[in-house]
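Hello,

Here is the structure I promised to pass on to you. Have a look at it first, and then read on for what turned up.

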Amino acid sequence: MSAIMERQPATQQFDIRPLSEVAGAEVVGLDLRRPLDAATRAAVYDAFVRHHVLAFRGQDLTKDEQVAFTEQFGTLEALAPGRVDLGLVGAEPVEVGLR
């Protein structure tokens, strides 16, 4: 566990605001640098399942803080630079060229 997430989780007050009727929501008032308690983690996960895309605006995270936040939801998979996993069952990651 990273030093960032060694702090005790605390309940945070936040809102989830849908961005459209189809997909996407903005999560407002949540500090992603702090560890999430179980109820907050469940609410964020449920919002992701419901809205498919979540926007956390105004977060100034280091790479380690971003990794620590995402690891609260499961193990991360490492991909080679320039490869993207589209999440399709049975599909291999694809090469992505940047211009």
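This is a predicted model: local features need pLDDT of at least 70, side-chain atom pairs count only at pLDDT 80 or more; totals for chains, interfaces and linings use all residues.

Of the 99 residues, 23% count as buried.

On the fold, the chain has two helices and five strands, which run β-β-α-β-α-β-β from the N terminus on. Among contacts with a separation of 6 or more, 58% are between residues 24 or more positions apart.

Now to the inside. The largest nonpolar core has 10 residues, including Phe14, Ala25, Val44, Leu54 and Phe69. Two elements, β2 (25–28) and α1 (38–51), each give two or more residues to this core. Ala25 touches Ile16, Arg17, Pro18, Leu19, His51, Val53, Leu54 and Ala55, leaving aside residues up to four places away in sequence.

There are pockets to look at too. The largest has a volume of about 300 Å³, and its lining includes Val44, Phe48, Leu54, Phe69, Phe73 and Glu77. Both α1 and α2 (63–71) supply at least two lining residues, with α1 giving the most, three. By type, that lining divides into eight nonpolar residues, three polar and one charged.

The second largest pocket has a volume of about 170 Å³. Gln66, Val67, Thr70 and Leu76 line this second pocket, which makes two nonpolar residues, two polar and no charged.

Definitions and conventions:
Residues are numbered from 1 along each chain as its sequence is written. Side-chain values use heavy atoms; hydrogens and water are left out. A nonpolar core is a set of buried Ala, Val, Leu, Ile, Met, Phe, Trp, Tyr and Cys residues joined through side-chain atoms within 4.5 Å. Buried means under 20% relative accessible area, exposed over 50%, partly exposed in between (1.4 Å probe, protein chains only). Helices (H or I, at least four residues) and strands (E, at least two) are DSSP runs, numbered from the N terminus. Contact means heavy atoms within 4.5 Å. On a 1 Å grid over the protein atoms alone, a cavity is a set of points where a 1.4 Å probe fits but cannot get out, and a pocket is an open set with protein on both sides within 12 Å along at least five of seven lines; lining residues have an atom within 4 Å of a point. Grid points are joined across faces, edges and corners, and a volume is the space filled by probe spheres set on the points. Ala, Val, Leu, Ile, Met, Phe, Trp, Tyr, Cys and Pro count as nonpolar, Asp, Glu, Lys and Arg as charged, and the others, Gly among them, as polar.
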